[in-house]
Amino acid sequence: MAVPPSYADLGKSAKDIFNKGYGFGLVKLDVKTKSTSGVEFKTSGSSNTDTSKVNGTLETKYKWGEYGLTFTEKWTTDNTLGTEVCVEDQITKGLKLTFDTTFSPNTGNDGSEFGGSIYQKVNDKLETAVNLAWTAGSNGTRFGIAAKYQLDSSASISAKVNNASLVGIGYAQTLRPGMKLILSALVDGKSINAGGHKLGLGLELEA
């Protein structure tokens, strides 16, 4: 079964709808903390249930509230370096611009993937997003739609589907403040009876 694409987009809200609450074929642990100076740190580790490969990431984020700027740096154990600069509510109220690049020294990846997204909070319980991504020099275009519904103050469900007919569903439950359990599944809509579907288990800890 094809690996689900990494949806590139220009807004964190839309990105969260597509990516948070899912962890297909993984056992994952996330830990977040914040320093007294306001710098946020996030470390993440995951083990692939098919290959037993272990991956990790380290992310730092600094917000310069006076100018509506957020700087994010990310490093992975695959030796991929990422930088993101976000500007919010500066050009006009409600407008959020994100500029990002990814560099892989081992592959020479020049970050030639582009994307866009639309995010809408329909009401207090329902959020939706549409995503489009393409790669320079390729005719392949990827798009998807996603939604998140808040069941109550501690539980939510998520669903997404892309143009490759990959359908993802997720359930998130806050066990106690700072601890969240995430269960997820990925189904190949073109090969429902063929098997090869993926399950995911995740635990998020925040201090």
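**Close-up views of a predicted model**

**View 1. An aromatic pair in the chain.** In this predicted model, the count of aromatic pairs comes to one. The pair is formed by Trp64 and Tyr67, whose rings lie 4.8 Å apart from centre to centre. The planes of the two rings stand at 75 degrees to each other, and the arrangement is edge-to-face because angles over 60 degrees are placed in that class. Trp64 counts as partly exposed, since its relative accessibility is 38%, and Tyr67, with a relative accessibility of 40%, also counts as partly exposed.

**View 2. A nonpolar patch on the surface.** Val27, Tyr149, Leu151, Ile157, Tyr171, Leu183 and Leu201 form a nonpolar patch on the surface, and together these residues have about 560 Å² of accessible area.

View 3. Of the 207 residues in the chain, 27% are buried. When contacts between residues at least 6 apart in sequence are considered, 32% of them join residues that are at least 24 apart. The accessible surface of the chain comes to about 12600 Å², and carbon and sulfur atoms account for 58% of that area.

Technical notes. Residues are numbered from 1 along each chain as its sequence is written. This is a predicted model: local features need pLDDT of at least 70, side-chain atom pairs count only at pLDDT 80 or more; totals for chains, interfaces and linings use all residues. Side-chain values use heavy atoms; hydrogens and water are left out. Patches are made of residues with over 30% relative accessible area and no salt bridge: like charges are joined within 9 Å, nonpolar side chains (Val, Leu, Ile, Met, Phe, Trp, Tyr) within 5 Å. Accessible areas come from the Shrake-Rupley method with a 1.4 Å probe; for residues, only the protein chains shown count as cover. A salt bridge is a side-chain nitrogen of Lys or Arg within 4 Å of a carboxyl oxygen of Asp or Glu. Buried means under 20% relative accessible area, exposed over 50%, partly exposed in between (1.4 Å probe, protein chains only). Contact means heavy atoms within 4.5 Å. Rings of Phe, Tyr and Trp (its six-membered ring) pair if their centres lie within 6.5 Å; planes under 30 degrees apart count as stacked, over 60 as edge-to-face and the rest as tilted.
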